[in-house]
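Hi everyone, thanks for making time this morning. I'd like to walk you through one structure, so please have a look at it before I start.

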Amino acid sequence: MIVVHHLNNSRSQRILWLLEELGLEYDIKYYERDPQTLLAPASLRQVHPLGKSPVITDGELTLAESGAIIEYLVDRYGNGRLAPPMDTPERLRYIYWLHYAEGSAMPPLLLKLVFDRIEQQPMPFFIKPIAKLITGRTKASFIMQQITQHLSYLEAELAQSPWFAGSDFTAADIQMSFPIEAAVARGGLDASYPKLLDFCDRIHANPAYQRALERGGPYEFAR
């Protein structure tokens, strides 16, 4: 039996969605973030040394990293579903977006989250203006420029095809859902990116996405 070690408001929501798409039976072990630090509990390190989510166990196998988990599940259980055929241009796009989501799209969004949290932390009154000045300049001169560049790139890609790997929905779209939802929540993704907002609306209307949301619990990026 596949077990998803599921942390609330995390990348593991994508794995639940994928399992629902594949129609596989699975169990969920739930973990809650610390309400103050938002970090995962130490108990996750008993499953994987890094204590991160998602992690799945499948028999004797323990596997972390969203992209690796998605590739494993699609290759082992997909029976040709949710991935383009081998040796096609669509397959190369599929592989590209599986890796792009975490390798390129998420880092500036994570930096934005970190710098936002720095501004919100309690600190001596005489330090706060300096801290806000530094974080504000960094966000404006670097982080937001990077996020805008990525959003413009993604918007242009979805203008060429309805899904990231081409005309058909694939697991690459599941992988890409997290950075796009994060950009809606905190990265400035608004009505100036209609293709990306349409992508969000379409995945949120997906029945398997809705079933995963019901099983996984409240998810702050869903709109």
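**Helices, sheet and core**

Let's begin where helix 2 meets helix 3: Ile 70, Glu 71, Val 74 and Asp 75 in helix 2 are in contact with Arg 91, Tyr 94, Leu 98 and His 99 in helix 3. Contact here means heavy atoms within 4.5 Å. Sorted by type, the residues of this contact are four nonpolar, one polar and three charged. For that count, Ala, Val, Leu, Ile, Met, Phe, Trp, Tyr, Cys and Pro are nonpolar, Asp, Glu, Lys and Arg are charged, and the others, Gly among them, are polar.

A word on what you are looking at: this is a predicted model, where local features need pLDDT of at least 70 and side-chain atom pairs count only at pLDDT 80 or more, while totals for chains, interfaces and linings use all residues. Residues are numbered from 1 along each chain as its sequence is written, and side-chain values use heavy atoms, with hydrogens and water left out.

Back to our pair: helix 2 (residues 66-77) and helix 3 pack at about 145°, and their axes lie 10 Å apart. Axes are lines fitted to C-alpha atoms, for helices over the stretch in contact, with angles from 0 to 180 degrees between N-to-C directions. Helices (H or I, at least four residues) and strands (E, at least two) are DSSP runs, numbered from the N terminus.

Which strands does strand 3 pair with? Strand 1 (residues 2-7) runs antiparallel to strand 3, joined by four bridges, and strand 4 (residues 61-64) also pairs with strand 3 in the antiparallel sense over four bridges. Ile 56 stands opposite Val 4 and, in strand 4, opposite Leu 63. Strands 3 and 4 form a hairpin with two residues between them, and Gly 59 in the turn has a positive phi of about 65°.

Are the faces of strand 3 (residues 55-58) covered or open? Both are covered, with Val 55 and Thr 57 buried on one side, and Ile 56 and Asp 58 on the other. Buried means under 20% relative accessible area, exposed over 50%, partly exposed in between (1.4 Å probe, protein chains only). Thr 57 counts as buried because its relative accessible area is 17%. Beyond four places in sequence, Thr 57 contacts Met 1, Ile 2, Val 3, His 5, Val 47 and Thr 62.

Helix 1 (residues 12-22) is mostly covered too, with 10 of its 11 residues buried. Gly 23 follows helix 1 and has a positive phi, near 70°.

Last, the core. The largest nonpolar core has 56 residues, and Leu 18, Leu 73 and Ile 180 have the most contacts inside it. Helix 3 (residues 89-120) gives the most to this core, nine residues. Such a core is a set of buried Ala, Val, Leu, Ile, Met, Phe, Trp, Tyr and Cys residues joined through side-chain atoms within 4.5 Å.

Technical notes. Two strands pair if DSSP finds at least two bridges between them.
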